[in-house]
Amino acid sequence: MTIQEAKFQYLLRLGDSSLIIGHRLSEWCGSGPILEEDIALINIALDFVGNATAILGYAATVEGNGRTEDDLAFLRGEREFRNLLITEQPNGDYAATITRQFLYDVYTYYLYEALKSSKDETIAALAEKSHKEITYHLRHTTEWMYRLGDGTAESHERMQNAMNDLWMFTGEMFDMDEVDALLIKEGIAPDLNAIKEKWEAHVKPVIAEATLQIPSYNFKQKGSREGKHSEHLGFLLAEMQSVHRSFPGAKW
Amino acid sequence: MTDTQWPVWEVFVQANPGIPHKHVGNVHAADAEMAIQNARDVYTRRSEGISIWVVPANAISASSPEDQGAFFEPSNDKPYRHPTFYKIPEGVKYL
């Protein structure tokens with residue numbers, strides 16, 4: 001595998017995760033529990049879609065086959081997507097959306113913080129901008145973790161159910177393969193073991209403060225790096241890609 | 001029917017350092033931290049400013065419309081209170 005091929009795969013992983021979770025959050029548009037929270041979620045969704053546009057645009061450039069970010073976003077099938085499994089999980093209730101977002105936000109906070117020092121200048125610049133957005137996302141979801149976890153009996157139960165369902169998707173975030181090994185050697189990507197330590201040190205106190213339990217099972221889901229996704233991605237892509245595929249070549 | 005909405009917070013945004021915070025509207029929130037975040041999300045999407053104040057609406061005391069006559073009309077015929085007899089130098093925008 002060449003450095004260029006590794007970089008392309010790595011950028012797909014970053015960009016696809018942003019795109020898919022941005023799409024999931026956009027599904028809340030107009031249906032948020034209150035006006036202010038609806039707007040907050042949409043702002044966060046827009047941050048992710050903007051980040052995905054930039055990263056997938058750079059990925060297309062690195063690939064060098066004449067594809068654009070739109071081709072990558074709207075014309076690939078599930079087996080070609082590299083987003084983390086956690087990002088494609090359905091929104092469920094608000095507890096599930098917040099829990100999913102929190103676990104992912106802590107990850108991107110430390111990942112992008114490390115990417116700011118990437119030897120690839122484009123990635124470093126993207127990370128510099130995105131990290132500011134992520135800092136706000138994390139603050140927002142953390143406050144909701146506390147309020148819903150340590151809230152009413154109902155909110156607490158919903159949060160614990162969400163945590164029990166989603167915890168199994170938090171192992172994959174830190175798995176590394178040949179792509180990572182190559183890019184770590186070049187100083188382009190960070191060692192995810194270091195990110196994992198920071199993630200655990202950050203996540204555990206918040207979960208405890210929210211009066212929630214970390215599930216006791218050890219099993220962790222994986223497969224997104226090889227394009228093996230949960231049953232949800234197909235439906236998500238069908239909806240997300242339908243307009244683009246219905247009107248090929250259309251422009252705003 | 002009881003109102004189950006969260007309390008109202010009035011929002012003030014400061015556009016640039018040194019100039020006054022301006023009232024831009026209000027948000028609902030259960031507490032101060034969420035009020036600040038909600039205000040940031042609702043009222044600063046287009047680079048409106050660099051600082052936010054939120055104040056519980058019931059902490060604000062206001063004059064009533066009936067008082068307008070007694071409060072404000074007497075100052076209408078006191079020209080000596082206005083600094084109209086000298087020129088303000090150019091460039092002193094926020095005097």
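Modeller: Helix H5 (residues 94–115) and helix H6 (residues 121–149) of chain A have axes that come within 7 Å and cross at roughly 145 degrees. Axes here are lines fitted to C-alpha atoms, for helices over the stretch in contact, and angles run from 0 to 180 degrees between N-to-C directions. H5(A) passes H6(A) in a left-handed crossing (the near helix is turned anticlockwise from the far one by less than a right angle; clockwise would be right-handed). The residues of that contact split into 15 nonpolar, eight polar and two charged. Nonpolar covers Ala, Val, Leu, Ile, Met, Phe, Trp, Tyr, Cys and Pro, charged covers Asp, Glu, Lys and Arg, and the others, Gly among them, are polar.

Some bookkeeping before going on. This is a predicted model, with local features needing pLDDT of at least 70 and side-chain atom pairs counting only at pLDDT 80 or more, while totals for chains, interfaces and linings use all residues. Residues are numbered from 1 along each chain as its sequence is written, and chains are lettered from A and ligands numbered from 1 in the order in which they are written. Helices (H or I, at least four residues) and strands (E, at least two) are DSSP runs, numbered from the N terminus.

Still in chain A, have a look at Thr211(A), in the loop between helix H9 (192–209) and helix H10 (232–246). Its phi is near 60 degrees, positive in a residue other than glycine. Thr211(A) is partly exposed, with 13 other C-beta atoms within 10 Å. The scale: 20 or more other C-beta atoms within 10 Å means buried, 12 or fewer exposed, in between partly exposed, with C-beta atoms placed from the backbone.

Ser47(B) counts as exposed, with 7 C-beta neighbours inside 10 Å.

As for the fold around it, chain B has two helices and three strands, in the pattern β-β-α-β-α along the sequence. The three strands make an open antiparallel sheet in the order S2-S1-S3, where strands pair if DSSP finds at least two bridges between them. S2 and strand S3 (51–56) of chain B are the edge strands, each pairing on one side only. From one strand to the next the twist averages 30 degrees. Strand S1 (residues 8–14) of chain B pairs with S2(B) over six bridges, and Glu10(B) stands opposite Asn26(B) in S2(B). H1(B) lies across S1, S2 and S3 of chain B, at about 125 degrees to S3(B).

Finally, the two chains touch: ten residues of chain B are in contact with seven of chain A, contact meaning C-beta atoms, placed from the backbone, within 7 Å. On chain B's side, strand S2 (22–28) and helix H1 (32–43) each give two or more residues, and H1(B) gives the most, six. By class, that side has four nonpolar, three polar and three charged residues.
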